[in-house]
Amino acid sequence: MLVKFAVKNYRGFTKRIEWDLSRPSNYTFNDFAIKNGIVKNGIIYGPNGSGKSNLALAIFDIANHLSHKWKKPDYYVNFANASNLNEGVEFEYTFKFNESIVKYAYSKIIQNTNVKIVKEQLIDGTTELLYKDHETLRISDSFSLTDAAIENLRESANNISLINYLLISIPLPKGHILLRLKDFVENMLFFRSLDNREFIGLKEGGSNIEEYLINNNLVGAFQDFLKEVSHQEFHFAQPLPGDKMLFCIFGNTKIPFFLIASTGTLNLELQFYWLCEMKNASFVFVDEFDAFYHHDLSFAICKRLFETDKQVFVSTHDTFLLTNDLLRPDCFFILNNNKIAAICDLTDKELRFGHNLEKLYRGGTFGL
């Protein structure tokens with residue numbers, strides 16, 4: 001699980017911003033949202049331009065050099081803070097794999113459109129496994145590298161990730177911390193559907209969603225899903241061999257689903273697809289997941305997202321979701337002014353189950 005994340009000099013985050021998920025409070029309700037002492041589910045609020053999307057993209061930066069899964073093609077076009085373009089962008093992650101606490105930190109810099117890792121450190125518990133910057137190289141003896149290999153890494157001019165080098169070059173035993181880290185990163189998932197549909201991680205390429213539903217015999221399940229979460233009744237025709245799109249039945253007429261579905265309903269198709277694929281995910285962030293949803297539908301989708309055992313977070317502007325009926329005060333976060341904190345840490349008031357969190361938020365109780 002992701003325990004803590006921090007970034008500095010990334011896009012709008014000039015100063016260091018830290019998101020700590022290791023400090024849940026002692027609430028006795030909705031305990032499904034906490035797992036092994038770490039916040040498992042949460043919702044992030046913040047004014048327009050506060051950095052909700054940038055925080056999510058920053059978290060997924062690690063996928064750009066440790067994963068071969070799908071990446072955002074234009075990700076590095078806007079990378080470092082405009083005031084400090086020549087300085088490194090610093091990333092810090094803390095993970096918990098079973099009982100192991102793993103800290104991974106690195107710094108990237110852009111030079112002539114090329115991205116280079118200029119600093120990298122990995123710590124397992126209290127043991128440093130590797131460290132490299134422009135002057136220093138330390139690699140744990142446990143990797144049994146030859147002196148020649150270490151010297152080649154010391155003189156390397158291509159600024160590769162030491163973790164990637166070790167994963168490729170060294171036979172590692174099952175359960176090794178590098179393999180756990182790689183597996184976690186390979187299965188991270190970010191997605192959103194605003195002007196364009198975008199995703200990062202989990203899969204190696206895009207899919208024709210309706211063809212996916214047909215090939216995996218999920219048409220009926222999708223029909224039931226639409227009725228359950230949005231109370232819309234669609235009657236899909238039985239797919240024929242070779243069909244790549246869904247058809248709805250109206251009497252004796254078949255009409256393509258995409259022609260009659262609203263923007264929000266088409267977005268539900270995407271949501272259903274990722275819910276099906278999410279079974280293998282390690283960490284999920286859905287950016288402005290409810291941009292086209294009625295608030296009741298947003299609530300229903302959150303219920304579905306949070307009922308899994310996956311670590312799932314969403315960002316939104318819908319304060320209808322800010323309720324103890326869905327989560328708890330240590331799972332609602334506000335991002336503003338280069339800071340992010342749970343609402344329970346933004347007031348001296350003792351927040352209880354009966355409090356109207358939405359009313360308190362709108363009244364300015366949780367200022368940041």
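Modeller: Here is a walk from one glutamine to the salt bridges and then the pocket.

This is a predicted model, so local features need pLDDT of at least 70 and side-chain atom pairs count only at pLDDT 80 or more, while totals for chains, interfaces and linings use all residues. Residues are numbered from 1 along each chain as its sequence is written, and side-chain values use heavy atoms, with hydrogens and water left out.

Let's start with Gln 311, which is found in strand 16, residues 311–315 (helices, H or I with at least four residues, and strands, E with at least two, are DSSP runs numbered from the N terminus). Gln 311 is buried, with a relative accessible area of 2% (buried is under 20%, exposed over 50%, partly exposed in between, using a 1.4 Å probe and protein chains only). Its side chain reaches two backbone atoms: the nitrogen of Leu 2 at 2.8 Å and the oxygen of Val 39 at 3.2 Å. Leaving aside residues up to four places away in sequence, Gln 311 also touches Met 1, Ile 38 and Ser 282, among others (contact means heavy atoms within 4.5 Å).

Now for the charges. The structure holds 16 salt bridges (a side-chain nitrogen of Lys or Arg within 4 Å of a carboxyl oxygen of Asp or Glu). One of them joins Glu 228 and Arg 304 at 3.1 Å, N to O. Glu 228 lies in helix 7 (residues 219–230) and Arg 304 in helix 10 (residues 295–306), so this pair ties together parts 76 residues apart in sequence. Glu 228 itself is partly exposed at 48%. Another salt bridge pairs Glu 233 with Lys 227 at 3.9 Å; Glu 233 is exposed at 54%, whereas Lys 227 counts as partly exposed at 46%. Arg 16, Glu 18 and Glu 92 are linked in a network of salt bridges.

The largest pocket has a volume of about 440 Å³, and of its 17 lining residues, the closest to the centre include Met 1 and Ser 282. (On a 1 Å grid over the protein atoms alone, a pocket is an open set of points where a 1.4 Å probe fits, with protein on both sides within 12 Å along at least five of seven lines; lining residues have an atom within 4 Å of a point. The volume is the space filled by probe spheres set on the points, which are joined across faces, edges and corners.) Both Met 1 and Ser 282 are also touched by Gln 311. Helix 5 gives the most to the lining, with three residues.

Methods. A polar contact is a pair of N or O atoms within 3.5 Å; within protein, one must be able to donate a hydrogen and the other to accept it, and residues adjacent in sequence count only if both atoms are side-chain atoms.
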